[in-house]
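Please keep the structure open as you read.

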Amino acid sequence: MATVQIDRIEKHYGGYHALKTVDFTVEDGEFVVLVGPSGCGKSTLLRCIAGLEDISRGAIRIGGRDVTGLEPRDRDIAMVFQSYALYPHMTVRDNMAFSLDLKRTPKAEIDARVQEAADILGIGDYLDRKPRALSGGQRQRVAMGRAIVRHPQVFLFDEPLSNLDAKLRVQMRAEIRALHDRLGATSVYVTHDQVEAMTMADRIVVLDAGRIAQAGTPLELYETPANLFVAEFIGSPSINIFDARIGADGQLYLAGDDNAGLAVPAAPVGAVKAGIRPEDMVASPDGPIRARVRQVEHLGAETYVLFGRPGQQLCWRVPGTPPIAAGDDIRLSADPARIHLFDPETGARL
């Protein structure tokens with residue numbers, strides 16, 4: 001396998017600036033997830049790595065080799081798409097062997113590679129079936145098998161689980177991660193689903209409007225988001241954001257609740273955005289957060305208590321099934337060490 005170096009690349013579509021000086025390295029054997037909202041540039045970046053899109057500036061290196069001007073077939077990568085992209089008239093065996101046939105690989109070697117990939121993915125019994133006779137999960141395994149047989153330096157995944165149901169997505173994301181570990185692969189994975197990113201990645205690269213908002217391990221992004229965008233994007237349910245101010249006494253006062261403050265680490269006096277994760281709030285009779293419950297969502301192991309002022313949706317995550325109902329008045333507090341403060345103008349972490 002190999003490193004992937006993205007060296008200050010830019011991508012323009014006419015007057016539209018899709019990628020803006022994107023610069024990072026995927027280390028050998030690392031599983032990196034590109035994540036962000038629709039239109040942020042994550043799929044464009046993956047297609048640039050694959051050679052399916054030309055870049056406007058910068059360079060891409062795979063295994064130390066500059067591949068910027070090379071065709072996709074010459075980059076030693078394999079890509080797994082959202083749509084599976086299987087040939088319907090071919091058997092599973094022929095679909096997996098197709099790229100090797102084009103390279104005129106000896107038949108004995110093709111058979112060995114196909115069987116090896118089928119054994120890894122548990123699809124050995126399906127090799128003589130056509131794609132129409134397979135479930136969605138089985139088709140996705142075939143698509144991964146087609147990539148594995150090539151023995152590439154880098155695997156690229158473009159939202160491969162989007163077409164699967166929720167239960168199968170959970171199963172397949174575990175299988176993809178286990179496959180990565182077994183092969184010792186270098187993998188770049190695109191998704192809009194931050195739960196996939198958190199559960200699969202060694203490192204996450206969060207993109208916002210064509211720029212890297214933050215890169216780091218899942219827990220780094222969750223516990224120390226660099227800005228308001230990352231804080232709101234990473235985490236499910238999303239972080240609660242309050243308009244607030246730091247008083248001269250060093251206390252944090254939430255807008256509309258000036259009678260109760262929270263001591264917070266040193267921060268400049270004045271307006272701030274305060275972020276509190278749903279699980280970091282606790283019931284407190286004199287807590288600074290006062291609200292009326294709008295809705296209660298019981299999930300069994302935990303409960304989401306939804307509240308907020310008009311135009312604002314906030315969430316308190318509570319273990320188990322507490323006796324709380326819509327219309328109840330609640331007061332909440334939070335551990336000051338778990339409160340995230342952001343500049344209200346720039347969104348930067350304070």
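## Helices, sheet and cysteines

In this predicted model, helix α2 (residues 92-102) packs with helix α4 (residues 136-148) at an angle of about 30°, and their axes are 7 Å apart. Axes are lines fitted to C-alpha atoms, for helices over the stretch in contact, and angles run from 0 to 180 degrees between N-to-C directions. Val92, Asn95 and Met96 of α2 meet Val142, Gly145 and Arg146 of α4, where contact means heavy atoms within 4.5 Å.

Helices (H or I, at least four residues) and strands (E, at least two) are DSSP runs, numbered from the N terminus. Residues are numbered from 1 along each chain as its sequence is written. Local features need pLDDT of at least 70, and side-chain atom pairs count only at pLDDT 80 or more, while totals for chains, interfaces and linings use all residues; side-chain values use heavy atoms, leaving out hydrogens and water.

Now to the sheet. Four strands form an open sheet in the order β2-β1-β4-β5, with antiparallel pairing; two strands pair if DSSP finds at least two bridges between them. Because β2 (16-26) and β5 (65-66) each have a single partner strand, one side of each lacks a neighbour in the sheet. Helix α1 (residues 42-50) packs on the sheet, touching β1 (4-13), β2 and β4.

The structure holds zero disulfides, meaning pairs of cysteine sulfur atoms within 2.5 Å. The sulfur of cysteine 40 lies 13 Å from the closest cysteine sulfur, in cysteine 48, too far for a bond. Two buried cysteines (under 20% relative accessible area; exposed is over 50%, partly exposed in between; 1.4 Å probe, protein chains only) are tabulated here.

| Residue | Relative accessible area |
|---|---|
| Cysteine 40 | 1% |
| Cysteine 315 | 5% |
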